[in-house]
Amino acid sequence: LPTNGTIKLIIPNKDNLQSINFEISPQKGFWKGGTYLFTFKIPDNYPMIPPNIKCETKMYHPNIDYSGNVCINLIKTDWSPCSNIEQILNCLLQILYHPNGGDSNNKQAGKEFNENIDKFRQTVNKTLHGGYVNGIYFPTMIKQIV
């Protein structure tokens, strides 16, 4: 597994290895301090087609929409039978460290990222502390120190 972030494999049902989860805790960047759950649904014809990946933790991110759909080129357009889950995990870490505002699933976050990086950083920080931001509820990812 990649080592530039904390990644934990979770197998919800040992009798069904076509459904696995990963918790990813970035060590730097906008989302540092949070832990994000990604589900991988492995199709019967894997590796001919990529797994279906969802981010189950709501986050304000240009490449992840509020339904958890993830936009990374490896699974969208660049998949080949030689591709693998470790490469997907590296791509997920990459978008957590370096979001791609030009290829957005969340258009609002992508626009803000491209046009006003300071406002984007403030919005991400608000979402990490939980509650409603722009009418969307976000879970608390970072505990406030009192």
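Me: What makes up the nonpolar patch on the surface?
Reply: Leu9, Ile11 and Leu17 form this patch, with about 260 Å² of accessible area together. A patch takes residues with over 30% relative accessible area and no salt bridge; nonpolar side chains (Val, Leu, Ile, Met, Phe, Trp, Tyr) are joined within 5 Å, like charges within 9 Å. Accessible areas come from the Shrake-Rupley method with a 1.4 Å probe, and for residues only the protein chains shown count as cover.

Me: What should I know about the model and the numbering before going on?
Reply: The model is predicted: local features need pLDDT of at least 70, side-chain atom pairs count only at pLDDT 80 or more, and totals for chains, interfaces and linings use all residues. Residues are numbered from 1 along each chain as its sequence is written, and side-chain values use heavy atoms, with hydrogens and water left out.

Me: Why does Leu17 count as exposed?
Reply: Its relative accessibility is 54%. Exposed means over 50%, buried means under 20%, and partly exposed is in between (1.4 Å probe, protein chains only). So Leu17 counts as exposed. Leu17 lies in the loop between strand S1 (5-10) and strand S2 (19-26). Strands (E, at least two residues) and helices (H or I, at least four) are DSSP runs, numbered from the N terminus.

Me: Why does Asn21 count as buried?
Reply: Asn21 has 11% relative accessibility, so it counts as buried. Its place is in strand S2. Its C-alpha is separated by 6.3 Å from that of Ile11, ten residues apart along the chain.

Me: Why does Trp31 count as buried?
Reply: The value is 1% relative accessibility, so Trp31 counts as buried. Trp31 is found in the loop between S2 and S3. Trp31 and Ile42 are eleven residues apart in sequence, yet 27 Å apart in space, C-alpha to C-alpha.

Me: Which residues touch the most other members of the largest nonpolar core?
Reply: They are Trp31, Phe38, Phe40, Val70, Ile88 and Leu92, out of 36 residues in this core. S2, strand S3 (36-41), strand S4 (52-55), helix H1 (73-76), H2, helix H3 (107-115) and helix H4 (117-128) each supply at least two residues. H2 gives the most, with eight residues. A nonpolar core is a set of buried Ala, Val, Leu, Ile, Met, Phe, Trp, Tyr and Cys residues joined through side-chain atoms within 4.5 Å.

Me: How does the reach of helix H2 compare with the expected value?
Reply: H2 (residues 85-97) has 13 residues and reaches 18 Å from its first C-alpha to its last, close to the 18 Å expected. The expected span is 1.5 Å times one less than the number of residues. Buried residues in H2 are Ile85, Ile88, Leu89, Leu92, Leu93, Ile95, Leu96 and Tyr97.

Me: What caps the N-terminal end of H2?
Reply: Asn84 does: a side-chain oxygen lies 3.0 Å from the backbone nitrogen of Glu86. A polar contact is a pair of N or O atoms within 3.5 Å; within protein, one must be able to donate a hydrogen and the other to accept it, and residues adjacent in sequence count only if both atoms are side-chain atoms.

Me: How do you know that Lys76 and Asp103 meet in a salt bridge?
Reply: Their N to O distance is 3.0 Å. The rule asks for a side-chain nitrogen of Lys or Arg within 4 Å of a carboxyl oxygen of Asp or Glu. So the pair qualifies. Lys76 lies in helix H1 and Asp103 in the loop between H2 and H3, so the pair ties together parts that are 27 residues apart in sequence. Lys76 counts as partly exposed, at 46% relative accessibility.

Me: How many salt bridges does this rule give?
Reply: The count comes to four. One of them is Glu112 with Lys119, the closest N and O atoms being 3.3 Å apart. Glu112 counts as buried at 10% relative accessibility, whereas Lys119 is partly exposed at 43%.

Me: Why are Asp118 and Arg121 separated by about one helical turn?
Reply: They are three residues apart in helix H4, so about one helical turn separates them.

Me: What kind of peptide bond joins Tyr46 and Pro47?
Reply: A cis one, with omega about 10°. Pro47 is found in the loop between S3 and S4.
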